[in-house]
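User: I would like a close look at one part of this model, followed by how the rest is arranged around it. Please give the cut-offs as the terms come up.

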Amino acid sequence: MAPIFQDVNLYCLLPELVLLTGAVVLLFVRGAGRGSAALPVAATTVIVALAAVPLLWGERAVGFGGMIVKDNGALLAQALLLITALVSFAAAADALPERKNNGEYYSLLLFSLVGMGIMTAAGDLLVIFLGMEILALSLYVLVGFLKVVRAGMEGAVKYFLLGSVASAVFLLGLALTYGATGSTQLVAFTAPATMPALLPAAAVLLVVGLGFKIAAPPFHMWAPDVYEGAPISVATYISVAPKIAAFVVLLRLAGESAGPGREALTGAFVFMSVAGMAVGNLAALRQTSLVRMLAYSGIAQAAYILIGLPALSAGGAAAVSFYLLVYMFMNLGAFASLAHLSRRRTGTLRIDDLAGLASRAPGHAFALAVFMIALTGIPPTGGFFAKFYVFKAGIQAGYLGVVLVAVVATVVSCFYYLRVVMVMYGEEGGAGLRGLPAGVTMLGAAIGVMVVMTILTGILPERFLQAASAAFPLLAAGM
Amino acid sequence: MAGLSLVFYIGLVVATAVGIVAVSRFLGGKPLTAAKDTPYECGMPPVEMDNAVFPVRFYKTALLFVVFDVEIVFLFLWALVVRDLGWFGLVEIGVFIAILMAAFLFAWWKGDLRWE
Amino acid sequence: MKAEIGLVWRLLEVILFFAVIMGLVAYMTLMERRFLGFFQVRMGPNRVGPQGLLQPIADGIKLLFKEDLTVSHARRFYFTLAPIISLVAILACFAAIPMSGRFHVADLSLALLYIMAFSSLGVYGVLLGGWSSGNKYSLLGGLRGAAQMVSYEIPLALALVGVVVLSGSLSMTEIVQAQEGRWFILRQPLGFLIFLTAVSAETGRTPFDLVECENELVAGYQTEYSSMKFGLFYMAEYAHVLLASCLATHLYLGGWNGPLLPPLAWFGIKSFLVFFFFIWVRATFPRLRYDQLMSLSWKALMPLALANLLITAALVVYPPFG
């Protein structure tokens, strides 16, 4: 029996191996809080992994017999994920109680990064599932990391239950795909199926299962409770990282699909998109808590991105990856600001608590305003062009109805996004906020970078769009 | 043939076990006094047992067991082909066990293996 | 027609095999009591029949006629099911144990896995028995027993993997054939020790009898059992010891290989010696504390077994002497 392991090629998982090593080391880091080595070790690991990304860039490293394909799309996603993790580290230093700010927290976070790295680079549905589970199991624990907070436990249980169901749904889709094509490879979607009747159901189940990660209906209900109950640093992370990973997987799925599977996929995307826009925007209108508002806004944002997926051939791929990039900057920025404002504070931060922030902390108020404007989609921020490209792709591919809904939804979203700005700049008083830290903090610096990037993507959108479309050359070529 | 005798044997075993219990019930008869139906405990008869609480350590042990039991499933398969795999198999299983041992040492370090 | 006759013979052979096992289990109880008597300088049961040879039969009849007690709190169905599971799980394992090259139920190619699978079902008997009794002692005994069996299953299985590495097969026949030149005990001394320790703990006998632990837990999960339901647990325990003896013989002591005598005889002699060893251990050692028991498995046996496995594999891949 000749071993078939010549093509393992561990090199293609270089960033994951770095992260894995760091995660294992972190399990054994003693101590917690300021004096602990946990945060430095974790940050160093992520930075080393980030440094490994350019090494692989452009190589399209294939390993494990085609089960791992580290192409530029995977690498771009990985870079974004690692940056997200770094920002959440900066938030964690403040958001977690001293006692809890220890190795395990960062270890779990690195494990989730490994899972997403595998997910985004997977060439096989089974490997996608593997990555999803590594991600999910770490996040289940992270969401309930503050065991004493009741809301946290509620969020954790909801997340766990819905996540398990979503995993089961995805697995069922995987099984049907195997039944239809006799293979679990991603390319199997394009191959002629032996039982094509199963493909539509398979495609829909796969997408719906992945929809849990991007908080798209029908698995969106966890988002508000989780964001509210989890430590704010974890919420920052969950609101961005799993969405990026899941969207990359969705991009691949949509790019590979053909025939009956493709039509079903398109239907699922359209449904999830419209439902997400409706649910997210309408619910966000009624929120008084800032974090819950951002949670529903996240559902709506994911729904906008979904428009690009059925429109891959019309530049949808580049539009989606550009949107993901901008989404990372603006949403990460919004959550980081929230983390900064609600540091060392018990209970959730209400929008009304922000009253008069502009006069007391003009810098913070400006940053938050930029993020809110970007999330609404108003120029000159990147948010405008992100929406613009996605809508353009949608119209060109013939989804005019969906785009119209999205435009209406955007108008509706002005009310709740801009209300934050109005409260900060228009109202006086507001004793809800404690004293903010003086000087430049790590998190403050991160927020600054996010502000710059949010505006920069709005000023030079073409440059970023080109970079994004270069990451997914196959898809942009018009499949 | 082998399958048939296996099934026959297991059937024989099950029939014997069930048969013994049935025969004993028939021959032994019912208890003579009601007191024999009370649990073997001192003092008052227990009111209810349904909310039996037990230490969480048992649960942790069970979790650890599941992890290692799954590991052993892999090891059995690996053991069958270790000759053919050569050095590669050794290295791979070494990495596998090392990762597992890291988790095990973590559990040890956290005190999950400590009783009393 | 010929095929049918062959089939009938085959089934009769299976019945004979089963009868032999049941007989052995019954007489092992007597042997153990006599040997324990010998170790403790007393006579042991010797009144029923010559040398007490009819004692197991008398015991069986007595148990059959005992009142069939079921505590009023008990969950009756599971209470009855538990001893049946215990006995069936162990006895079913013997299907994969050939007594010689010819005398067996089935020569399974996955015999070792089959045995692992069925013997680990025994945990359910212990757990269900303890839980369904509606008694605190039983519940604690059942939990302890389950934790113990589960903990020792890992070093046990790891030791077995060592054997599989050497033999390259899971079939009992092939494992025995692989030992024709050299018994595996010579190549796996550490593995053999781990196997013996772990399997003693699995059977729940002294020094690992914390499942019953009569001075703490009355009789553990068996507290509420009487009549033949208790008898089934009792039989399961001895069947387990018999299984352990047979396994030790097959996996480490060369099975039925041996000069002059027929294979069946060699198998019997070796198994008996292992069984005698188990009695000897029981007569010699005091009981462990529960924390010692768990530490022994997780902190000593498991790492040792892994090390043993890796070294064995390395030696198989790179044989040091050619």
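Taking contacts in chain C between residues at least 6 apart in sequence, what percentage join residues at least 24 apart?

Analyst: The share is 77%, for contacts in chain C between residues at least 6 apart in sequence. Two residues are in contact if their C-beta atoms, placed from the backbone, lie within 7 Å. This is a predicted model, in which local features need pLDDT of at least 70, side-chain atom pairs count only at pLDDT 80 or more, and totals for chains, interfaces and linings use all residues. Residues are numbered from 1 along each chain as its sequence is written, while chains are lettered from A and ligands numbered from 1 in the order in which they are written.

Chain C contains 12 helices and 0 strands; these are DSSP runs numbered from the N terminus, helices being H or I of at least four residues and strands E of at least two. The C-alpha atoms of chain C occupy a box of roughly 65 × 55 × 45 Å along the principal axes. For 322 residues, a compact globule would have a radius of gyration near 20 Å, and the 20 Å of chain C agrees. That radius is taken over C-alpha atoms, and the globule rule is 2.2 Å times the number of residues to the power 0.38.

In chain C, 53% of the 322 residues are buried. Buried means that 20 or more other C-beta atoms lie within 10 Å of a residue's own; 12 or fewer make it exposed, and anything in between partly exposed, with C-beta atoms placed from the backbone.

The partner of chain C is chain B: of the 2 pairs of chains in contact, B and C share the most contacts. Here 53 residues of chain B meet 60 residues of chain C. On the chain B side, α1 (2-28), α2 (56-85) and α3 (87-109) each supply at least two residues, and the largest share, 18 residues, comes from α1(B). By class, this side has 38 nonpolar, 8 polar and 7 charged residues. Ala, Val, Leu, Ile, Met, Phe, Trp, Tyr, Cys and Pro count as nonpolar, Asp, Glu, Lys and Arg as charged, and the others, Gly among them, as polar. Chain B itself has 3 helices and 0 strands, and 16% of its 116 residues are buried.

Chain A, by contrast, does not touch chain C, their nearest C-alpha atoms being 14 Å apart. The largest nonpolar core has 196 residues, among which A:V207, A:I244, A:A245, A:F322 and A:V390 touch the most other members. Helix α13 (residues 316-341) of chain A gives the most to this core, with 20 residues. Beyond residues up to four places away in sequence, A:F322 touches A:A386, A:Y389, A:F464, A:L465 and A:A468. In α10(A), 16 of the 16 residues are buried, so this helix is largely enclosed by the rest of the structure.

As for confidence, chain A has a mean pLDDT of 85, and 92% of its residues reach 70 or more; pLDDT is the predictor's confidence in each residue, from 0 to 100.

Conventions:
Core = buried A, V, L, I, M, F, W, Y, C linked by C-beta atoms within 7 Å.
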